[in-house]
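Welcome! Here is a short tour of how two protein chains come together. Take a look at the picture and then read on.

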There are 2 protein chains.
Amino acid sequence: MKPNDIALLLTGDELMSGDTVDSNSAMIAQSLAAFGHAVTEKITLGDDRARLVGALQRTTGHARILVMNGGLGPTQDDLTAELVAAAAEVQLGLHPDAERHVRDWCAERGIEPNDANLKQAWLPEGATIIHNPRGSAVGFAIEVNGTLILTTPGVPGELRAMLPEICERIVAAIGGGQTHRVRLQTFGIGESTIQALIDEDDAPWPESVVLGYRAGMPQLEMKLTAATASPEVEQCQQTLERLFGDHIIGEDDATLAGALQQVLRDQGKKMVTAESCTGGLIASMVTAEPGSSSVFEAGFVTYANSIKHSVLGVSEASLETDGAVSEAVVKQMLAGALTESGADIGIAVSGIAGPDGGSDDKPVGTVWLAWGTADNMHTLRTVLPTDRAMFQKLVAAAGLDLIRRQLLGLPKLPHYFSRRAI
Amino acid sequence: MKPNDIALLLTGDELMSGDTVDSNSAMIAQSLAAFGHAVTEKITLGDDRARLVGALQRTTGHARILVMNGGLGPTQDDLTAELVAAAAEVQLGLHPDAERHVRDWCAERGIEPNDANLKQAWLPEGATIIHNPRGSAVGFAIEVNGTLILTTPGVPGELRAMLPEICERIVAAIGGGQTHRVRLQTFGIGESTIQALIDEDDAPWPESVVLGYRAGMPQLEMKLTAATASPEVEQCQQTLERLFGDHIIGEDDATLAGALQQVLRDQGKKMVTAESCTGGLIASMVTAEPGSSSVFEAGFVTYANSIKHSVLGVSEASLETDGAVSEAVVKQMLAGALTESGADIGIAVSGIAGPDGGSDDKPVGTVWLAWGTADNMHTLRTVLPTDRAMFQKLVAAAGLDLIRRQLLGLPKLPHYFSRRAI
């Protein structure tokens, strides 16, 4: 028996067929990490009695903790309670707390509990229930051969709601305190560049603080982990802020759009977008965050050239001579959008998202951006040779970031453009 | 030894910490499904020598096939080749084909191969290489105790490019032909409703055809699987088309936006959007698909009331009396967008995405939609009480679908609205 081993057993045919991508195990691992624990082995099986029995035999008596996910539902395929009872060599019985939970759950929905509902209340004798605030199936906990088995439902929202109790029970069994974490959201700089700049830096990096990364798209999270809050953690955070300050959007779950909204609110300003190649994605990213109505005035998706002219007043001569993907056109798009909306600041983009429409002069991935105010307008051309979806995402994210930079008086060219602008 | 057992062993610390959600195993399972094979067990471990050795011992001699994913890279943590060699009781050697691949890969990038690059060419003696068209690390195949081990890289794009050869080798080892699949993309009807309508239907459902579902958001895929193309499969497809015809968007990877683009192109028409609560998401969905410039004219994200008036000509009286979320306002938004853009058909939406801004009269989740042409305009009010992100997604998807329905002369009210419209 390894005293801190935590095994994870996920069950469900949908996990084996490839019809469902498993995000539950990442959710469980992240919750455990906050208490300094890690999953040591993950086994995934279909709703297959013989294989599940084999996995239970192999795990009980070896791992100290076994978290099971899935198989708690009302159908015949849901085998968890039955197989754990067999492994524990006990009977299934109608658990009074679980029964009450099922009856309450049905009553709230105005339905009479049937056999399938009540099946979820039949648990191994000696098990204690783990409350499920979101669904009809409770989880349960039971010790088998020195292994604490904790069962959880496969529905992600239900699992999430149960994780605090799961973690509490694991900490009660094997100890482990809180770890201290600082999470910084960044945009525009890659993991390898960050690591290289830290390695080259003079400041020593204390061994008690672990730097990790979590790649999101378009953001990258830098994560400091240590046993407790300490001067060393603060020192590391200061190093990161000194090296990457203007690439750091915020802490915890900060997003580009949220950070931009906050700056706009702080300064009492409103923004506007004029999009061609991103087709509304910039506006959509800003308005995906609650509270956007106080800072977002309008968005113009001027896809056709005639619309760039009629709605934003881009001159037909510029469209003819310079083409839709040009500095002259994005500047006029931005100017038009600012005038039409009365907004304080804005971003305009025009580019070639592909896969068609490129030329030698302007290959697929070419984009012109204009951003700023009527009096203080900047422009930039870059080429992002990637697929359509990624191109649109990168241009939109860069658009939000460029407005944020201008409002905060940060350097105009962040790392991603100082390498790519041409 | 079970003759058709296919085990999957995934390795990587990032899979255990929860920093990466594993989508590779779903990709592998889907590829195998096309040949009638399924993954029978999935084991996931960190870069941990002892545990990986244990998993190899447990699997070799038991599963007929073991697909390993991850651990082929250039760093010390990448243990796959070394541990498989140990399991096979052979030495590692510089494999000439693998070496050539690494040298060619480096040459194309104008770099001199270093020890880390070349480490990837050291493979177990007796292994044959699996070509990697995308990266520097080849995969390899070797038999150990009757188990065919196939190793693949963890980078999803590289794995995807190698799957045809992986599947070919598996079929060569254990047989299995193509299975026949028909995939139908639907929108606006749920899995339980589909199943209930099929159960109530008079047409018998042949046992040789399996109906499955794959929940996307906002789409749902219906999947018919059988050994071969047969009259039974055709009969089932006809049943589905008869029952759900106007909810079926298309076959294979059809999307709502792609289907709408196709109808617009077929009819030589162009569309426009006028969005408030969806903040540009409808425009963004349409333009995410290649080819949108031939059918998408313009999008107006009229977030502020003053913009609804100044840009789309919504009367200040309507905004004042009826409020921004009203039938009068969405009709004027649509009329204004059609006039401003000259487009043939369009959609306008105004609603309360939340979490704030609701009232007793118009709770969070309330939305008014107007769609159609200047002469043939329809409106609808509905309430979708969900979170902001889901609300925006559902309204945007419904918006695309309503234009598609009008262009195709389908019933105006699909299943999702006939239950929800109020």
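Two residues are in contact if their C-beta atoms, placed from the backbone, lie within 7 Å. With that in mind, 100% of the interface residues of chain A are also interface residues in chain B, so the copies meet through the same surface. This is a predicted model, in which local features need pLDDT of at least 70 and side-chain atom pairs count only at pLDDT 80 or more, while totals for chains, interfaces and linings use all residues. Residues are numbered from 1 along each chain as its sequence is written, and chains are lettered from A and ligands numbered from 1 in the order in which they are written.

**How the chains meet**
- In the interface, 50 residues of chain A are in contact with 50 residues of chain B.
- The largest share of the side of chain A that touches chain B comes from S14(A), with seven residues. Strands like this one (E, at least two residues) and helices (H or I, at least four) are DSSP runs, numbered from the N terminus.
- By class, that side of chain A has 25 nonpolar, 15 polar and 10 charged residues. Here Ala, Val, Leu, Ile, Met, Phe, Trp, Tyr, Cys and Pro count as nonpolar, Asp, Glu, Lys and Arg as charged, and the others, Gly among them, as polar.

**Strands across the chains**
- S2(A) and S2(B) (residues 41-45) run antiparallel and are joined by three bridges; A:Ile43 stands opposite B:Ile43.
- An open sheet of 10 strands with mixed pairing has the order S17(A)-S16(A)-S15(A)-S13(A)-S14(A)-S14(B)-S13(B)-S15(B)-S16(B)-S17(B). Two strands pair if DSSP finds at least two bridges between them.
- S17(A) and S17(B) stand at the edges, each with a single partner strand, so one side of each is left without a neighbour in the sheet.

**Two packed helices**
- H10 (residues 256-267) and H11 (residues 281-288) of chain A pack at about 75°, with axes 8 Å apart. Axes are lines fitted to C-alpha atoms, for helices over the stretch in contact, and angles run from 0 to 180 degrees between N-to-C directions.
- That makes H10(A) roughly perpendicular to H11(A) (65 to 115 degrees).

Key: Parallel < 35°, antiparallel > 145°, perpendicular 65-115°, else oblique.
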